[in-house]
Amino acid sequence: MARRKSSREKECMHDEKVILSIIVPVFNGAEYLRGCAEHLTRQTFTKYEVIFVNDGSTDNSGDLLEKIVEQNSKFKVIHKPNGGTASTRNAGLDAAVGKYVTFLDCDDELDSTIYEKMINMIERHNADMVTCGFYFKVEAQAGNIYLEKNTYPTAFYKTRDAIKEHLVEMWDSDIMSNVWNKVYRMSLIKNKKLRYRDGHVYTEDRVFNRQFLENCESIAFADECLYYYVRERVGSTTEKYRDDYFSIRLKEFKEFQTHFKNMGVWNDKAKEYVCREFTERIAGCIENIFHSEKMSNCEKYQQIASVIHHKDVRLAVRYARCRSLKMRIFILPIKCNWTFGAYAMGKIIYTIRKHNPVLFHKLKNNR
């Protein structure tokens with residue numbers, strides 16, 4: 001009589017079939033979870049597991065996830081106290097059993113072939129990471145939808161020297177700013193003990209990718225757009241004021257300098273990119289100030305002055321060479337250290353974003 005397999009043996013049999021672990025952080029995402037599950041079940045690649053990590057949601061996400069998991073044996077759910085995106089993704093990494101790992105935001109959308117194509121590419125090249133193009137998607141009022149492509153030419157960099165040679169252009173294309181359009185080799189993450197770092201609001205993806213780049217040996221790129229990143233919805237958190245926004249961007253500016261130095265690529269090209277990006281981020285910091293409902297106009301003016309007079313901002317504008325006429329106009333008051341002009345420009349950007357988010361993102365992306 002055949003021996004009945006234990007639950008652990010069954011789990012091991014399932015693990016052997018898992019090539020890709022898909023980690024999905026969830027915080028109050030109930031309205032998107034059914035759609036997220038449908039995008040995953042429609043995938044042409046089937047050797048995957050999905051790990052939903054419920055980060056202490058206060059809506060009915062937890063109950064809904066339990067029901068979704070019951071309907072698909074590939075789906076798992078972890079419930080944890082609220083700790084933010086970094087701790088949520090780390091919890092998923094701890095539970096993942098795939099040879100490769102990727103990340104998905106529950107409110108985004110997927111091409112049905114994304115994981116089949118990316119796994120084929122990473123296996124074909126024996127790469128540590130593969131990345132694809134993606135769409136920015138902005139959903140505004142009255143069903144107004146804006147899509148913008150973001151791609152990097154199809155390529156395979158199979159040595160550290162090749163990665164270093166193209167490092168600035170990779171970051172400059174913005175293709176390395178996110179984790180959800182990438183598949184990573186899990187053994188490298190485990191061997192190098194790579195983790196998401198807490199306290200990096202808005203920048204946790206870039207922090208993780210900087211760590212990965214400093215440890216990987218090869219990267220493959222596909223220029224096909226296979227991921228739809230819903231960049232903004234009316235009422236989203238990106239429309240709310242953050243009093244630490246400038247300090248976040250300042251920290252990022254300094255850490256990018258360290259990153260390029262760690263990679264041995266701190267040259268004029270790298271310095272110009274880092275300074276240009278920081279300068280353009282300052283325009284966003286100024287616009288953010290106008291989202292405050294508590295500050296008076298005088299207080300906003302003073303805060304803008306403290307930002308543009310900051311020594312690191314003054315350093316950055318010396319080296320930044322903004323490419324589009326639009327961005328050169330936007331940052332001209334910052335470059336000239338002109339507080340009133342920066343205030344007026346910030347007010348204009350804020351007004352455009354509030355009343356026409358599609359136009360705002362068209363202006364932002366074509367910079």
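Reader: Which residues is Glu272 in contact with, once its neighbours within four places in sequence are left aside?
Author: In this predicted model, Glu272 is in contact with Tyr319, Ala320 and Arg321. The word contact here stands for heavy atoms within 4.5 Å. Glu272 itself is found in helix H11.

Reader: Why does Glu272 count as buried?
Author: The cut-off for buried is under 20% relative accessible area. Glu272 has a relative accessibility of 16%, so it counts as buried. As for its place along the chain, Glu272 and Ala155 are 117 residues apart, and their C-alpha atoms are separated by 24 Å.

Reader: Staying with helix H11, how do you know that its span agrees with its 22 residues?
Author: At 1.5 Å a residue, the 22 residues of H11, residues 268-289, should span 32 Å. The C-alpha atoms at its ends are 32 Å apart, so the two values agree.

Reader: What makes you say that H11 is largely enclosed by the rest of the structure?
Author: That follows from a count: 18 of its 22 residues are buried, so the helix is largely enclosed.

Reader: What is found at the start of H11?
Author: There, a side-chain oxygen of Asn267 reaches to within 3.2 Å of the backbone nitrogen of Lys269. The limit for a polar contact is 3.5 Å between N or O atoms.

Reader: Why is the meeting of the Glu277 and Arg281 side chains called a salt bridge?
Author: Side chains of opposite charge can pair when their charged atoms come close. The term asks for a side-chain nitrogen of Lys or Arg within 4 Å of a carboxyl oxygen of Asp or Glu. For Glu277 and Arg281 the N to O value is 3.6 Å, and the pair is a salt bridge. These two residues are four apart in helix H11, so about one helical turn separates them.

Reader: Are Glu277 and Arg281 buried or exposed?
Author: With the cut-off for buried at under 20%, Glu277 is buried at a relative accessible area of 10%. Arg281 is buried as well, at 17%.

Reader: What makes Lys311 exposed?
Author: Exposed means over 50% relative accessible area. Lys311 has 62%, so it is exposed. Its salt-bridge partner is Asp312, the closest N and O atoms being 3.5 Å apart. Asp312 counts as buried, at 8% relative accessibility.

Reader: Why does Asp244 count as partly exposed?
Author: Asp244 has 25% relative accessibility, so it counts as partly exposed. Arg242 is also partly exposed, at 24%. Asp244 and Arg242 form a salt bridge, with 2.9 Å between the closest N and O atoms.

Reader: What makes strand E6 largely enclosed by the rest of the structure?
Author: E6 covers residues 129-139, and ten of its eleven residues are buried, so it is largely enclosed.

Reader: How do you know that E6 pairs with strand E7 and strand E9?
Author: Two strands pair if there are at least two bridges between them. Six bridges join E6 to E7, residues 145-150, and the two run antiparallel. Three bridges join E6 to E9, residues 182-185, again antiparallel. Tyr135 stands opposite Lys149 in E7, while Val130 stands opposite Val183 in E9.

Reader: In the largest nonpolar core, which residues touch the most other members?
Author: Of its 112 residues, these are Leu40, Phe52 and Phe260. H11 gives the most to this core, with nine residues. Beyond neighbours within four places in sequence, the residues in contact with Leu40 include Phe52, Phe75 and Tyr115.

Reader: What phi does Asp174 have, although it is not a glycine?
Author: Asp174 has a positive phi of about 70 degrees. It lies in the loop between helix H7 and E9, and is partly exposed at 22%. Asn337, also not a glycine, has a positive phi of about 60 degrees. Asn337 sits in the loop between helices H14 and H15, and counts as partly exposed at 32% relative accessibility.

Key
Residues numbered from 1 in each chain as written. Predicted model: local features only at pLDDT ≥ 70, side-chain atom pairs only at ≥ 80, totals over all residues. Heavy atoms only, no water. Expected span 1.5 Å × (residues − 1). Buried < 20%, exposed > 50% of the residue type's maximum accessible area, 1.4 Å probe, protein only. Polar contact = N/O pair within 3.5 Å; in protein donor to acceptor, adjacent residues only side chain to side chain. Core = buried A, V, L, I, M, F, W, Y, C linked by side-chain atoms within 4.5 Å.
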